[in-house]
Amino acid sequence: MSRLRLYQLAVVAGFILLLEALCLAGVIDKITMPPPHIIVRDLFRMIAAGRYFGDIGKSLANVLLAFATAYVLGVATGTILHGYRTARDILDPLFATYYAIPVFAFYPLFIVIFGLGDGPQVLIGILLAVVAVIVTTLNGVDRVPPVLKKTARVNGLSPLQTALRVTLPFCAPYLLTAAKLALAYAFIGVIGSEFIMARAGMGYEISYAYTNFDNATMYPLILMILLLSIAANGLLSYWERTLLARRGQK
Amino acid sequence: MAKEERAPLRHTIILIVGLFLFWQLAYLAVGDVALRSPWQTMRFLGTLMQTDVFWLHLADTLKAFAVALAIAIALGLLIGFALGLHRLSGDAMEPMLVALYSIPKITLYPIILLAFGVGISAKIAFGAIHGIIPVALFTLSAIRTIKPILIKTGRVLKLNPTVMVRAILFPAAVPEIFTGIRVGFSLTLIGTVLGEMFAAQRGLGYLLMNAISLYNIDLIMAVTFLLVVLAASVNALLLAVDRRLHHG
């Protein structure tokens with residue numbers, strides 16, 4: 001285990017050092033990319049000065065809104081859909097092809113329909129996230145042992161009670177995987193839309209800084225988004241592993 | 001047996017009809033201000049296809065996409081094989097690749113633009129970035145799950161590494177690798193179009209963003225429709241091959 005961590009640390013450190021060396025040696029010129037230590041310094045300065053807090057807050061709020069909506073909608077749909085064989089068979093080809101479709105292509109259309117506000121961005125986030133949640137939930141519900149369902153029936157639980165007390169608790173690891181996917185997709189959807197066209201938000205500020213050759217703003221913001229998404233992903237993965245370990249799987 | 005084989009086709013047809021119905025209803029609800037009906041969209045797409053400009057944009061997108069896909073598959077296979085054959089490297093790099101997979105890669109696009117300049121090479125690089133990781137991850141897991149007896153047989157026969165890869169590892173891993181290429185195909189296309197939407201002077205993504213600044217709803221709907229149909233039908237085809245490889 002520790003050998004593994006050491007290896008990973010070496011890869012990351014090696015990569016950063018390589019970038020640093022290439023920047024300092026002038027192979028990567030200053031206009032393309034400042035050396036990593038300057039980026040980190042700029043990031044600290046940015047946070048200390050409280051710059052872009054409004055944009056960061058707006059982006060994160062939209063990511064959370066998209067995540068929460070897609071998650072609740074997806075888990076509910078997945079749980080209900082499990083009981084309807086035909087509906088599921090009909091939707092199956094949609095699920096199989098869904099992630100091949102460039103959902104971002106719908107963004108201009110949404111802007112035309114809803115106006116250039118938070119709405120289209122959150123909607124893109126939801127659209128990207130919701131199907132992953134539905135599919136993962138279905139996957140989990142499929143694995144509920146029949147004996148548990150029978151027990152619920154014997155005890156006279158209503159469908160809602162069965163879902164809340166039996167099915168969903170059993171599926172907890174799957175629901176966590178779904179949360180991980182949904183959060184990643186919500187991030188990609190919201191930040192990506194801000195990037196393409198928006199009036200505020202982290203993605204917007206990065207593209208604005210890019211247009212103005214403002215590397216001192218662009219690189220720290222990019223670094224911050226990468227760190228935020230990796231941290232969120234790492235946290236949920238850790239939780240997922242501990243849950244699986246407690247259940248004695250793996 | 002024959003009946004069972006026809007069932008998925010029937011479901012797909014019901015699904016497509018349902019989606020068109022939904023589209024028509026949405027059009028009736030929203031109206032001409034922001035939407036076009038399926039029929040209007042397809043008619044506009046028909047006239048669009050008679051213009052030279054459209055084919056220029058399409059050709060540019062497809063060219064960038066084809067090169068990006070070739071790079072993604074080549075590099076993805078290379079990384080996947082290298083990591084799959086070395087236990088420690090594979091164990092260490094797999095979670096890192098998964099983490100990279102889940103970051104919003106669009107944030108890296110300005111860096112690529114600064115490095116390559118606005119043009120086809122930036123699009124290619126951005127598309128390739130999207131495709132490399134899935135191809136690498138699926139190849140890695142394909143190599144890992146090869147039955148040990150096959151590899152042992154190769155060792156007993158004293159095959160050299162090249163023959164080992166060509167005669168044993170690759171054929172045994174093909175179904176999984178194909179799944180990776182299928183996913184990589186979709187993501188590379190998404191990446192290429194996304195790159196064009198952010199900064200480009202040509203391509204379908206550019207056409208889409210240009211249409212929005214002109215408030216040309218016909219054009220937006222036609223291009224979006226074309227992209228969706230293109231992506232969905234190729235994916236359906238690849239999915240069919242994929243399933244045959246896994247069960248055949």
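Before we start: helices here are DSSP runs of type H or I with at least four residues, numbered from the N terminus. Keep in mind that the model is predicted.

**Exercise 1.** Find where A:Tyr52 sits, and decide whether A:Tyr52 is buried or exposed.

Solution. Start with the place: A:Tyr52 is in the loop between helix H2 (36-49) and helix H3 (53-81) of chain A. Next, check the backbone: phi is positive, about 65°, although A:Tyr52 is not a glycine. Most residues other than glycine have a negative phi. Now count neighbours: the cut-off for buried is 20 or more other C-beta atoms within 10 Å. A:Tyr52 has 20 C-beta neighbours inside 10 Å, so A:Tyr52 counts as buried.

**Exercise 2.** Work out which helix gives the most to the side of chain A that touches chain B.

Solution. First, the totals: 44 residues from chain A and 42 residues from chain B make up the contact. Then list the helices of chain A that each supply at least two residues to that side; among them are H1 (2-25), H4 (85-98) and H11 (215-246). H4(A) gives the most, with 8 residues. Finally, sort the chain A side by type: 34 nonpolar, 7 polar and 3 charged.

Methods: Residues are numbered from 1 along each chain as its sequence is written. Chains are lettered from A and ligands numbered from 1 in the order in which they are written. This is a predicted model: local features need pLDDT of at least 70, side-chain atom pairs count only at pLDDT 80 or more; totals for chains, interfaces and linings use all residues. Two residues are in contact if their C-beta atoms, placed from the backbone, lie within 7 Å. Ala, Val, Leu, Ile, Met, Phe, Trp, Tyr, Cys and Pro count as nonpolar, Asp, Glu, Lys and Arg as charged, and the others, Gly among them, as polar. A residue is buried if 20 or more other C-beta atoms lie within 10 Å of its own, exposed if 12 or fewer, and partly exposed in between; C-beta atoms are placed from the backbone.
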